[in-house]
2 protein chains.
Amino acid sequence: MAKNMMLYWGSGSPPCWRVMIALEEKQLQGYNHKHLSFDKKEYQCAEVKALNPRAQLPTFKHGDIVVNESFAACLYLENAFKTQGTRLIPSDPAEQALVYQRMFETENLQQKMYDVAFYEWYIPEGERHESALKRNKENLVKELKLWEGYLEKMGKGSFLAGKNFSMVDVVCFPVIAYFPRLHCPKEKCPRLMEYYEMVKERPSIKATWPPEWLENPVGQDTLKSL
Amino acid sequence: MAKNMMLYWGSGSPPCWRVMIALEEKQLQGYNHKHLSFDKKEYQCAEVKALNPRAQLPTFKHGDIVVNESFAACLYLENAFKTQGTRLIPSDPAEQALVYQRMFETENLQQKMYDVAFYEWYIPEGERHESALKRNKENLVKELKLWEGYLEKMGKGSFLAGKNFSMVDVVCFPVIAYFPRLHCPKEKCPRLMEYYEMVKERPSIKATWPPEWLENPVGQDTLKSL
């Protein structure tokens, strides 16, 4: 099945990374892919634009089916290959509800992390304000506390929605991985960092680790002063 | 089943509205609910906080299951009541992929609409820039063009993911309804406005129309100069 799949992706992008993790977890290794450079704006190539009017990565195609939004691609893969590989959306209603809930909360964590870590990238120089960055940092710290609470409640060694690896881990791990990568002090999110250490050893994560992070393991320190 | 459901909601909020539409479409009329005022910050009440550490609306409970993120609640309801009421996620893989794709694209449309319509609400006075608002408007116009293209491609009388009403319509209609509400010129999105005129007559939409919009049908003109 993976032979008629094509993924256009960029290194380190949480949206790309989560689709790659989903593909691994659903045992779809062997899919076709093209690694494009964000720096060189290769995502604006005709091949991507033909499939994705937003000209963004990931861009994903399975046969004639195109699904580019990362959460959409992950849900699509889970449904299309429900009985293959890891079951990512549990069937038990309560477990399923929690998976959906935390999946969508991930967007808060991602946005708030971006608002601090990539503030200078998103906001042109003349529009930047110390007061805005300070507020963004406060919002991120508050967000981290929520996730710390979730993990604390579920106990040591737990995944993000309980004892099983699920779609929450697929979509959220690439966001969480930015905290150590960008030198966030461990004491700001000790439980998330325990979780990170545990999950980073998982085969699907190791197989999809951003090549740029392998080449340059140190990363920047934009979250150092969080 | 609806008797053991409780929804805390605020008038006019797209996230609240979409959960209400989903409840109607799944024939779950009769659910318990509490209409809280955003102006009076009633969402910060103890009842909501006990179920939702973010103290946000919607806050939704079904039996012992709490699902507060609006997309999560909609997906949960669809799965829990798959054979009841309108089928919102089609089983055909290609149709399903499109529904997921457009569902998540809705978040782009919503954010870009907020970035213009609620610019002054989100950005403190000292941090506002004409250049930022101008860019936000350009981004919103560009986003609208994408959706216009989607509708054009599917043909007159189509819903957002094809000939059937689906989860895309559930999550996206409340966002689209803001364009006429906030006096966006019709020529900026003629096909979306045709869609709006068609879908606003649907029973699930009429039953959930924001009470504040009924009381004050005129709305503000924050999208007039788009």
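**The interface**

This is a predicted model, and in it 33 residues of chain A are in contact with 33 residues of chain B. The size of an interface is often given as the accessible area lost when the parts come together. Here chain A and chain B bury about 2800 Å² between them, and 55% of this area is on carbon and sulfur atoms. On the side of chain A, the residues that lose the most area to chain B are A:R54, A:F104 and A:E127, which together account for 23% of what that side buries.

Polar and charged groups also take part, for there are 6 salt bridges between chain A and chain B, and 19 residue pairs are in polar contact across the interface, both residues being at pLDDT 80 or more. The elements of chain A that give two or more residues to the side touching chain B are α3 (70–80), α4 (93–117) and α6 (130–154), and the largest share, 11 residues, comes from α4(A). Sorted by class, this side of chain A has 17 nonpolar, 8 polar and 8 charged residues.

**How the two copies are related**

Chain A can be laid on chain B with an RMSD of 0.0 Å by a turn of 180 degrees, with a shift of 0.0 Å along the axis. The two copies are therefore related as by a two-fold rotation axis. Of the residues of chain A, A:E127 comes closest to this axis, its C-alpha being at 3.7 Å. The same surface serves both copies, since 100% of the contact residues of chain A recur in chain B.

**A closer look at A:R54**

A:R54 lies in the loop between α2 (46–51) and β3 (59–62) of chain A. Is A:R54 buried or exposed? Its relative accessibility is 13%, and because buried means under 20%, A:R54 counts as buried. Leaving aside residues up to four places away in sequence, A:R54 touches A:E69 in its own chain, and in chain B it touches several residues, including B:N108, B:K112, B:L146, B:W147 and B:Y150.

| Side chain in chain A | Side chain in chain B | Polar contact |
|---|---|---|
| A:R54 | B:E105 | 2.8 Å |
| A:R54 | B:E143 | 2.7 Å |

The pair of A:R54 and B:E105 also forms a salt bridge, in which the closest N and O atoms are 2.8 Å apart.

Note on methods. Residues numbered from 1 in each chain as written. Chains lettered and ligands numbered in written order. Predicted model: local features only at pLDDT ≥ 70, side-chain atom pairs only at ≥ 80, totals over all residues. Heavy atoms only, no water. Contact = heavy atoms within 4.5 Å. Buried area = accessible area lost by both parts, 1.4 Å probe. Salt bridge = Lys/Arg side-chain N within 4 Å of Asp/Glu carboxyl O. Polar contact = N/O pair within 3.5 Å; in protein donor to acceptor, adjacent residues only side chain to side chain. Helix = DSSP H or I, 4+ residues; strand = E, 2+ residues; numbered from the N terminus. Nonpolar A, V, L, I, M, F, W, Y, C, P; charged D, E, K, R; others polar. Least-squares fit on C-alpha atoms with pLDDT ≥ 70 in both. Buried < 20%, exposed > 50% of the residue type's maximum accessible area, 1.4 Å probe, protein only.
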